[in-house]
Amino acid sequence: MSARTETGSTVRTVAATAAGTLTQGDATAFLRSLPAASVRLVVTSPWFTGPYEPSSDDPTNPAFGDWLDGYMDEFARVLQPDGSVVIETGCSWARDRPVRTVQNFAAVSRLLARGDWHLLQEFYWYNPELLDEREEWVTQGRIRLHDCVTTWFWLSRTPDVPVDTRRVRGFQSYLTQPFGNFLAMGDSAADYPYLDGVSERLSRADTDRFPVAAPLYFIRLLTEEGERVVDPFCGIGSTALAAESAGREWSCNDFSAEAIGIAKQRIDSLRK
């Protein structure tokens, strides 16, 4: 997940494999470099509030919806007609008072109201270790509870997306239905080489990450081998590793030089 973009910046290739390319640059410029109708799945986790300060005075934050719309327009262009977007975006705490902002629901609702997109399903991911909480309200003041779940929205331009839920057999834990939309996924062997060195660094890029299993779940569910997966806010490269391991083609990008540096190391380690 990346918290920053810079309109009009160039996009440079940082690493490549036979299946995919990792780039650093502005997300919009990256998306515009991709051919139309060439992508089966966009799976990504952009900044939950966009480049805006969450405030109790503006809990639905229409500016966030405007910001997201620009990317959704590019997603629509690069996707195949029956391709999918799976986007993690959650509620956030206001910075001034202990209340929620719900720009994620407002933005998705606006997309659906226009008729441009269909919401095929939402997924609830149990990931309490990776959520950004407000310590003064949760840990210190104890006036709010710990955040434990974020939401992934599965969107498409058509309801008729090719999918077979049997592809994700084995991803669910004993807490869930075998094919339910509550996901309890954490770090796996694919994350361990990265985790071995993270204690020496522990940067913003590290705290914003998600485990490889998260994008891998949706890649398995919604694509087949050889199809292209895209993540314009790839952070430290979990989507790239997931697509590579699943035999998919991929294009991943992030603006942060720090995050892309870590992603490059992770991708380079695959060839060792």
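The model is a predicted one. Quite a few side chains sit under that cover: Phe 64, Gly 65, Trp 67, Leu 68, Asp 69, Tyr 71, Met 72, Glu 74, Phe 75 and Val 78 are the buried residues of H2.

Nonpolar side chains tend to be buried together in soluble globular proteins. Here, the largest nonpolar core holds 37 residues, and those touching the most other members are Leu 22, Val 86, Phe 123, Trp 152, Met 185, Tyr 217 and Phe 218. Among the elements giving it two or more residues are strand E1 (12–16), strand E7 (118–126), helix H8 (238–245) and helix H9 (257–269). Helix H7 hands over the largest share, eight residues. Looking past residues up to four places away in sequence, Phe 218 touches Leu 41, Val 43, Val 86, Phe 123, Trp 152, Leu 183 and Thr 223. There is also a second, separate core of 24 residues, with Leu 68, Val 78, Ile 87 and Leu 111 among them.

Finally, there is Glu 227, in the loop that runs between helix H7 (213–222) and strand E10 (228–231). Its side chain makes a polar contact of 3.3 Å with that of Arg 40. Beyond neighbours within four places in sequence, Glu 227 is in contact with Arg 40, Leu 222, Arg 248 and Glu 249.

Key: Residues numbered from 1 in each chain as written. Predicted model: local features only at pLDDT ≥ 70, side-chain atom pairs only at ≥ 80, totals over all residues. Heavy atoms only, no water. Helix = DSSP H or I, 4+ residues; strand = E, 2+ residues; numbered from the N terminus. Polar contact = N/O pair within 3.5 Å; in protein donor to acceptor, adjacent residues only side chain to side chain. Contact = heavy atoms within 4.5 Å. Core = buried A, V, L, I, M, F, W, Y, C linked by side-chain atoms within 4.5 Å. Buried < 20%, exposed > 50% of the residue type's maximum accessible area, 1.4 Å probe, protein only.
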